[in-house]
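Look at the chain as a whole before you look at any detail. Then follow the text from its domains to its ligand and its helices.

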Amino acid sequence: MTDEQSVMRIVIVGGGTAGWMSAAMLARFAPPGYAITLVESETIGTVGVGEATIPAIRLFNDALEIDEGAFLAATKGSFKLGIEFAGWLEDGHSYMHAFGTVGRQLGVLPFRHFWARGRALGIAKPLAHYSANELAARTGRMAIDARGPGIPEVPYAYHFDAGLYAAFLRDYAEKRGVERIEATLAGASRTDSGDIAAVMTNDGRAIAGDFFIDCSGFKGLLIEQELKTGYEDWRHWLPCDRAVAVPCEPSGNFTPYTRSTARAAGWQWRIPLQHRIGNGHVFCSEYMSEDEASAVLLANLDGKPLADPRAIPFVTGRRKRIWNRNVLAVGLSSGFLEPLESTSIHLIQSTITRLLTVLPGKHIEPAVVEGFNRRSAAEFETIRDFLILHYWANQRTGQPFWDRMRALELPETLAQRIAEFRAANQIQPATDELFTEVAWLQVLVGQGLVAGSWNPIADRYPQEELAAFLGAVEKACIETVRPMPMHIDCVAALCGAAAKEKAA
Ligand SMILES: Cc1cc2nc3c(=O)[nH]c(=O)nc-3n(C[C@H](O)[C@H](O)[C@H](O)COP(=O)(O)OP(=O)(O)OC[C@H]3O[C@@H](n4cnc5c(N)ncnc54)[C@H](O)[C@@H]3O)c2cc1C
């Protein structure tokens, strides 16, 4: 802060997942002299979906020193070991993007080179055999380090009720001094320089601030409606433009993974929570009506629907600059990538964490904003490429939507990646890229792409040694998973422990 005498006022606009995640992080880390206010409108409400996450969410909860049991109990959450993609290559086919490693490095080489050679020799099994996470997921098992001595931890994320998570974080943030104002906003006033001076409520109040975090959802109340920042539309690559969502009764099949099933003009998600299963059908309205999409969804539920399907339109893409003047867009106001790889809540987390690394005072350095926007754009773009890969590499021939997706002109960055993999089994994620080499490998292979060669260092190992290595890796996965408790017992034990602590 340049002026240490005056309070730095940060105003968060919106109290969905993005708003309360931002508020909680600022409440935890902002130094004295920062006053945090959050404005939300119960009349407008939240988007009300967003239930699957990726492992980085644990860093977020850890940073807030949130007790895992209390969190799972409050959000009716479950564990997530990966995402199953059913029918994405073709009907009847399934693969998993499981978290954690697949196989293990030998010498200087990643596992995929030994596996590719093993496949060519006919001595390697499908990739899934070398992933403890996938084996655990498919057998309904789960372990965290606290669950038993000698049971190794497997990387995991959570499914949770996003509305309950926001409420949980609201409680956290309010206890740490965040002021919440219930109001419907109708615009903003500006300073002479054009920055936002205050947000205006529809009953004539002004809520003044020095820095604004726009968490107002798709509409982007400040970043777009006020500042006209502009939006990069990616529907030519990711043409799905709406979802219908409906919860249903739990089925007893309490799987520790998200399922994504390809449908004629999109895909359906299944997210098991303690009290219900979250379901939704993401589709492209050029190929399917909302009524048809709802019918497909309702015909493919595990249990009785608990509500009528709700439609949510969206435009895939990103805000041209997520930080513009004294406004940072966080959450849906910053852009949208369909939830195929459960990345939206992660983007909230990474944006707010990145903000903390350059926490602004009253003076904002344009160079900092520029760097921030560049990194955020790159993050959106690599996720975009990863999503396109799932669609483009399909073999669902004869279905107009999927035929179109196979014919896509790929972004140069993705085309290059695919070419490197096909030519030489190379996967080189950028330094701070979200998805690891192993994540890319599972989706490339799962979608039927084949590496044309492998690193010749893998040829140094005689065939018997290679077979023994592959066998040992598979055995290690089986032995890791064998003693694990069932997922349902893990959740019950953790939530039970939290409930007991609460009662004590
Ligand atoms: C179909 C679908 C499925 C998804 N699935 C996943 C998933 O599985 N995993 C994942 O990580 N993410 C998922 N997401 C994304 C996730 O839902 C969002 O990233 C997350 O909920 C954050 O939303 P938000 O807080 O930005 O917006 P919202 O939830 O829309 O919140 C906006 C807030 O702004 C307030 N507001 C708006 N206008 C005004 C106003 N004029 N005055 C006052 N307050 C106002 C509202 O009241 C609300 O509090 C999904 C999204 C969609 C659309």
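**Domains, ligand and helices**

In this predicted model, 7 residues of domain 1 are in contact with 9 residues of domain 3. Two residues are in contact if their C-beta atoms, placed from the backbone, lie within 7 Å. On the side of domain 1 that touches domain 3, there are 3 nonpolar, 1 polar and 3 charged residues. Here Ala, Val, Leu, Ile, Met, Phe, Trp, Tyr, Cys and Pro count as nonpolar, Asp, Glu, Lys and Arg as charged, and the others, Gly among them, as polar.

Local features need pLDDT of at least 70, and side-chain atom pairs count only at pLDDT 80 or more, while totals for chains, interfaces and linings use all residues of this predicted model. Residues are numbered from 1 along each chain as its sequence is written.

The protein is divided into domain 1 (8-51 + 161-231 + 319-364), domain 2 (100-153 + 382-481) and domain 3 (242-309). These bounds come from an automatic or database domain assignment. The C-alpha centres of domain 1 and domain 3 lie 29 Å apart.

Now turn to the ligand. It is surrounded by 38 residues, and the closest are Gly14, Gly16, Gly50, Gly217 and Gly331. A residue counts as near if its C-beta atom, placed from the backbone, lies within 6 Å of the molecule. Two or more residues of the shell come from each of α1 (17-29), β2 (34-40), β13 (242-248) and α9 (344-357). Helices (H or I, at least four residues) and strands (E, at least two) are DSSP runs, numbered from the N terminus. The shell holds 18 nonpolar, 18 polar and 2 charged residues. Domain 1 and domain 3 each give at least three residues to this shell.

Next, follow α1 to its neighbour. The axes of α1 and helix α6 (residues 162-175) come within 8 Å and cross at roughly 30 degrees. Therefore α1 is roughly parallel to α6. Axes are lines fitted to C-alpha atoms, for helices over the stretch in contact, and angles run from 0 to 180 degrees between N-to-C directions. Angles under 35 degrees count as roughly parallel, over 145 as roughly antiparallel, 65 to 115 as roughly perpendicular and the rest as oblique. The α1 side of the contact includes Trp20 and Met21, and the α6 side includes Tyr165 and Leu169. By class, this contact has 11 nonpolar, 1 polar and 1 charged residues.

α9 and helix α10 (residues 366-392) pack at about 165 degrees, with their axes 11 Å apart. So α9 is roughly antiparallel to α10.
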